[in-house]
Amino acid sequence: MTSTSPTALPPAVMRLRELALSAACAAAVRAAASLGVADALGDEPADAGTLAKAVRADADALERLLRALAAYGVFSELPDGRFEHTDASRLLREDAPRGLRYSALWATEPWTWALWPHLADAVRTGREEFTALYGTEFFDWLHTAEARESAEVFDKAMTQSSVLSAKAIAEVLDLDGVGAMVDIAGGQGMVLATLLEKYPTLRGTLFDLPKVVADADPRLREGGALAGRAQLVGGDCRQSVPEGADLYLLKNILEWDDESTVRTLRNVAKSAPAGARVVVVENLVDGSPETRFTTAMDLMLLLNVGGKKHTKAGLSALVEQAGLQLEEVRAVNSYLHMFVSTVPA
């Protein structure tokens with residue numbers, strides 16, 4: 001019969017201590033991504049000294065970093081002291097097909113560390129804390145010279161995110177019979193380009209802020225393989241959206257306050273013809289296998305823009321409040337859900 005040692009810590013104590021220091025894990029992931037450790041480690045195991053020379057780091061300090069990451073399954077330490085890749089560490093490689101290097105960097109940018117200590121204040125007031133710290137709203141700051149490096153990381157992170165979701169959306173979104181669509185706040189247009197490649201008769205409009213569409217996916221720009229069926233339009237969806245399309249796609253953008261979300265959806269309902277489909281794709285904080293990811297993003301949105309991730313019931317209510325007729329809600333993958341509605345006559 002196995003007995004528990006009287007000196008053993010209860011699991012809850014060990015877990016809460018780990019959580020209280022979990023910023024160290026995020027910092028370690030950022031350090032590995034910044035140094036390029038995953039790129040330096042090839043298919044064969046390597047010791048910390050060899051890797052340190054490749055990334056120009058202190059060997060002892062790098063070994064400590066790798067050991068800390070290995071405790072979370074990011075890299076693995078062998079009995080002889082060498083380190084090898086795991087599925088998670090390979091995602092930090094620059095050439096990883098489903099890489100998350102820039103997503104990891106974006107989630108740990110310097111401004112995030114400045115914001116997290118103010119979470120209690122945001123919870124007390126229900127308002128964002130970014131403006132008080134930086135003197136301007138988040139997205140305005142992101143376009144300043146001060147934020148140039150963060151903005152570059154943001155663009156690359158959004159592209160990585162779109163690569164992960166574009167194929168999944170293309171698999172579940174049936175566009176047979178759709179002549180024209182608008183990808184609202186579609187970033188550089190990865191999702192739109194994927195859909196245009198799958199449906200050769202489809203025409204698409206990428207609609208986002210002028211500075212964003214100016215750097216659209218090369219396939220969509222003049223001279224690109226899809227340019228003949230693509231239109232790039234600059235604007236703010238909270239003010240207006242292009243008219244007359246058969247389908248409007250809004251992916252991971254309805255993350256502001258409820259009033260801004262409803263206003264954007266009403267702009268779509270006003271600009272779209274009767275019977276047009278409106279497809280909203282979002283992370284939900286309920287009913288998802290990735291609840292830790294989505295709830296963490298929800299708190300960050302509270303801090304930096306005063307926004308939120310939605311529940312299924314909450315977003316459904318906002319869609320209907322905007323005057324759209326909700327038809328179905330379905331999972332796209334483990335972290336995305338698709339809300340399909342139509343514009344009533």
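Which elements make a right-handed β-α-β unit with β6? In this predicted model, the unit consists of strand β6, helix α15 (residues 258–271) and strand β7. Strand β6 covers residues 247–251, and β7 covers residues 277–282. The points below take the strands, then a residue of α15, then a pair of helices.

**Strand β6**
- Five of the five residues of β6 are buried, so the strand is largely enclosed by the rest of the structure.
- Leu-247, Leu-249 and Lys-251 point one way from β6, while Tyr-248 and Leu-250 point the other way.
- In a regular strand, side chains alternate between the two faces of the sheet.
- The residues on both sides of β6 are buried, Lys-251 included.

**Pairing of β6 with β3 and β7**
- Strand β3 (residues 180–184) runs parallel to β6 and is joined to it by four bridges.
- Asp-183 has Leu-249 of β6 as its bridge partner.
- β6 is also joined to β7, again in parallel, by five bridges.
- Within that pairing, Tyr-248 stands opposite Val-278 of β7, and Leu-249 has Val-279 of β7 as its bridge partner.

**Strand β7 and its pairing with β9**
- Five of the six residues of β7 are buried, and the strand is mostly covered.
- β7 pairs with strand β9 (residues 337–342) over six bridges, in the antiparallel sense.
- The bridge partner of Glu-282 in β9 is His-337.

**Thr-261 in helix α15**
- Thr-261 lies in α15, the helix of the β-α-β unit.
- The relative accessible area of Thr-261 is 0%, so this residue counts as buried, the cut-off being under 20%.
- Beyond its neighbours within four places in sequence, Thr-261 is in contact with Leu-254, Glu-255, Trp-256, His-310 and Leu-318.

**Helices α12 and α13**
- Helix α12 spans residues 148–172 and helix α13 residues 190–198.
- The axes of α12 and α13 come within 8 Å and cross at roughly 35°.
- The crossing of α12 past α13 is right-handed.
- On the α12 side, the contact involves Thr-159, Ser-162, Val-163, Ala-166, Lys-167, Ile-169, Ala-170 and Glu-171.
- On the α13 side, Met-190, Val-191, Thr-194, Leu-195 and Lys-198 take part.
- By class, the contact of α12 with α13 has seven nonpolar, three polar and three charged residues.

Key: Residues numbered from 1 in each chain as written. Predicted model: local features only at pLDDT ≥ 70, side-chain atom pairs only at ≥ 80, totals over all residues. Heavy atoms only, no water. Buried < 20%, exposed > 50% of the residue type's maximum accessible area, 1.4 Å probe, protein only. Helix = DSSP H or I, 4+ residues; strand = E, 2+ residues; numbered from the N terminus. Pairing = 2+ DSSP bridges. Right-handed = clockwise from strand over helix to strand, strands pointing away. Axes fitted to C-alpha atoms, helices over the stretch in contact; angles between N-to-C directions. Left-handed = near helix turned anticlockwise from the far one by under 90°. Contact = heavy atoms within 4.5 Å. Nonpolar A, V, L, I, M, F, W, Y, C, P; charged D, E, K, R; others polar.
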